[in-house]
Amino acid sequence: LSDVDRSEREIVEQFQSARRDQRLVVLEGFHALKHAARFGADLVDVVTRDADSAARLAQEHAPDLAPRLADAEVVASEVFARLSPRPHPTGVVAIARRPSPRAVLAEIWPEPVVVLEDPRRPENLGAVVRVAAAAGAAGVVALGGVDPWHPAAVRGAAGLQFALPVASVASLADLLGADPSAPAGLLVAFDPSGEPLVPGAIPPGALLAFGTERRGLSGALLARADRRLAIPMREGVSSLNLATAVAVALYAWRLEAR
Ligand SMILES: C[S@@+](CC[C@H](N)C(=O)[O-])C[C@H]1O[C@@H](n2cnc3c(N)ncnc32)[C@H](O)[C@@H]1O
């Protein structure tokens with residue numbers, strides 16, 4: 001191997017090892033990098049396969065990021081293709097340090113906390129983080145062990161895990177009972193069997209719980225909930241997509257609260 005080949009191999013290994021490192025996160029695509037940087041991410045490495053195109057993206061969407069992208073390491077397309085399972089069309093990929101975990105339930109916030117029970121698809125979890133960041137939720141907690149920093153979730157969220165606290169907790173009991181002194185708002189279960197969602201139905205500081213993609217909320221969570229709310233749907237439609245349901249709930253709260 002020549003020096004150049006060696007350094008390319010090192011870049012590939014660095015990205016492979018970053019994917020396995022719980023302290024780091026791989027940011028696939030320009031927009032994930034833009035959001036991460038905008039919300040204070042500590043960037044470890046930025047790589048592009050096309051410096052001119054990266055500079056244009058920065059000029060158009062994030063001039064604040066232009067100096068960092070001007071410093072990006074430029075690699076050949078074949079090397080770039082090996083840095084992520086689905087190389088991003090924007091031709092940008094980066095590594096950042098994950099922020100230290102922030103306690104989502106350290107206090108009752110005026111804003112709701114989104115609780116996802118056992119989400120199965122990281123892309124859905126990412127879409128939920130994205131809308132939670134946009135709507136101004138206090139945080140997102142995933143129950144059941146799924147990692148909100150999974151690369152597909154970070155890609156689905158366009159890097160907005162950096163914009164609000166995200167956490168993974170084993171179970172509802174762990175979330176509500178880990179620290180008995182930890183405050184928690186009312187637990188509101190979103191389920192098609194609930195009372196219709198109407199203006200003012202979401203109290204301040206509520207925990208808004210949503211079920212898994214195929215089976216919905218568990219009996220245990222529904223039994224524990226203080227309130228069940230259903231998003232009205234036309235007859236014949238059985239449910240909304242998970243992230244869509246979260247978006248409706250959060251914007252019902254946001255439009256009411258402002
Ligand atoms: C794809 S749905 C699950 C579908 C599942 N078969 C069911 O009937 O609950 C994922 C989650 O989105 C939320 N959801 C979807 N449509 C809803 C609606 N119309 N009202 C309230 N929540 C809804 C619920 O939390 C649900 O568990």
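**Exercises around the ligand**

**Exercise 1.** How far does a backbone N or O atom of arginine 214 lie from a nitrogen atom of the ligand?

*Solution.* Start with arginine 214: one of its backbone N or O atoms lies 3.1 Å from a ligand nitrogen atom. Next, take glycine 211, where a backbone N or O atom is 3.0 Å from an oxygen atom of the ligand. Finally, aspartate 191 has a backbone N or O atom 3.5 Å from a ligand nitrogen. Each is a polar contact (a pair of N or O atoms within 3.5 Å). Before moving on, keep in mind that this is a predicted model, where local features need pLDDT of at least 70, side-chain atom pairs need 80 or more, and totals for chains, interfaces and linings use all residues. Residues are numbered from 1 along each chain, and side-chain values use heavy atoms, without hydrogens or water.

**Exercise 2.** Which residues come nearest to the ligand, and which elements supply the shell?

*Solution.* First, count 19 residues around the ligand (a heavy atom within 4 Å). Phe190, Gly211, Arg214, Ile231 and Leu240 come nearest. Then sort the shell by class: 11 nonpolar, 4 polar (Gly is put here) and 4 charged residues. Now look for elements, which are DSSP runs (helices of at least four residues, strands of at least two). Strands S8 (187-196) and S10 (227-230) and helix H10 (242-257) each give at least two shell residues. S8 has the largest share, with 3 residues.

**Exercise 3.** What are the spans of the C-alpha trace along its principal axes?

*Solution.* They are about 65 × 35 × 35 Å. To finish, tally the secondary structure: 10 helices and 10 strands.

Key
Polar contact = N/O pair within 3.5 Å; in protein donor to acceptor, adjacent residues only side chain to side chain.
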